[in-house]
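Take a look at the sequence and the model, then work through the exercises below.

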Amino acid sequence: MLISVEVDRTPAGEAIDPTTLSFDAVVHEPNGGRMPIRLRQTSPTRFEGRAPAGEAGPYVVTVLPTAGARALAPLVAGASRAGGAELR
């Protein structure tokens with residue numbers, strides 16, 4: 001599963017300096033497990049991370065961004081992996 005965050009402006013439309021940002025994330029697995037990952041910067045405004053999604057069911061990702069020492073609002077997204085091979 002690829003997790004990607006693209007950042008270039010605040011909700012108010014102000015430019016963001018991506019060199020001050022870091023993104024930690026937690027993947028919540030269908031079995032109730034939690035998998036921490038760190039997103040790395042792959043371009044000036046894009047941060048990405050990968051996590052295995054071997055089990056069928058829903059996955060929820062919580063991304064916890066920080067700008068320097070300041071915590072920013074979390075980002076939450078979800079995806080589901082189909083159970084049957086014919087649905088993949």
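Strands here are DSSP runs of E with at least two residues, numbered from the N terminus. Keep in mind that this is a predicted model.

**Exercise 1.** Find out how many helices and strands the protein chain has.

*Solution.* Start by counting: the protein chain has 0 helices and 7 strands. Next, read from the N terminus on, and the order is β-β-β-β-β-β-β.

**Exercise 2.** Decide whether T62 is buried or exposed, and find what its side chain makes a polar contact with.

*Solution.* First, locate T62: it sits in strand 5, residues 57-67. Then check its relative accessible area, which is 18%. Buried means under 20%, so T62 counts as buried. Finally, look at its partners. The side chain of T62 makes a polar contact with the side chain of H28 at 3.5 Å. Leaving out residues up to four places away in sequence, T62 touches several residues, including D24, V26 and L75.

**Exercise 3.** Work out which parts of the chain the salt bridge between R38 and D24 ties together.

*Solution.* Begin with the distance: the closest N and O atoms of R38 and D24 are 3.0 Å apart. R38 belongs to strand 3 (residues 34-43) and D24 to strand 2 (residues 21-28), so this pair links parts 14 residues apart in sequence.

Key. Residues numbered from 1 in each chain as written. Predicted model: local features only at pLDDT ≥ 70, side-chain atom pairs only at ≥ 80, totals over all residues. Heavy atoms only, no water. Helix = DSSP H or I, 4+ residues; strand = E, 2+ residues; numbered from the N terminus. Buried < 20%, exposed > 50% of the residue type's maximum accessible area, 1.4 Å probe, protein only. Polar contact = N/O pair within 3.5 Å; in protein donor to acceptor, adjacent residues only side chain to side chain. Contact = heavy atoms within 4.5 Å. Salt bridge = Lys/Arg side-chain N within 4 Å of Asp/Glu carboxyl O.
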